[in-house]
Amino acid sequence: MTRVYRDDLVTFQVDGTHGSAVAGLTDCVISGPPGDGRGPVWNPDEKGGTHDFYADWQTLPENTLYDNGF
């Protein structure tokens with residue numbers, strides 16, 4: 001299953017059987033399976049539903065602060 005999260009200029013996404021992770025230039029977010037089962041399915045042929053897909057993601061805390069992205 002692919003969990004869409006595109007919120008940065010560059011993103012690296014890893015999808016696995018236990019969840020997904022997206023790392024950008026400034027943040028890293030995860031979406032895991034604890035109790036969420038399959039969850040809602042996004043269908044581009046249907047008008048937007050009421051589910052907030054961004055609420056499914058959790059921002060990881062920063063462990064190290066860097067001067068710049070390079």
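Reader: Two strands pair if DSSP finds at least two bridges between them, so over how many bridges do S2 and S3 pair?

Author: Strand S2 (residues 19-23) and strand S3 (residues 28-31) pair over 4 bridges, in the antiparallel sense. This is a predicted model, where local features need pLDDT of at least 70, side-chain atom pairs count only at pLDDT 80 or more, and totals for chains, interfaces and linings use all residues. Residues are numbered from 1 along each chain as its sequence is written, and side-chain values use heavy atoms, with hydrogens and water left out.

Reader: Which residue is the bridge partner of Ala-23 in S3?

Author: Cys-28.

Reader: How many helices and strands in the protein?

Author: The protein has 0 helices and 4 strands, running β-β-β-β from the N terminus. Both are DSSP runs numbered from the N terminus: helices are H or I, at least four residues, and strands are E, at least two.

Reader: In what order do the strands form the sheet?

Author: S1-S2-S3-S4, as an open sheet with antiparallel pairing. S1 (12-16) and S4 (58-59) each have a single partner strand, so one side of each has no neighbour in the sheet.

Reader: Phe-12, buried or exposed?

Author: Phe-12 lies in S1 and counts as exposed because its relative accessibility is 58%. The cut-offs are under 20% for buried and over 50% for exposed, with partly exposed in between (1.4 Å probe, protein chains only).

Reader: And what percentage of the protein's residues is buried?

Author: Buried residues make up 11% of the 70.

Notes
Pairing = 2+ DSSP bridges.
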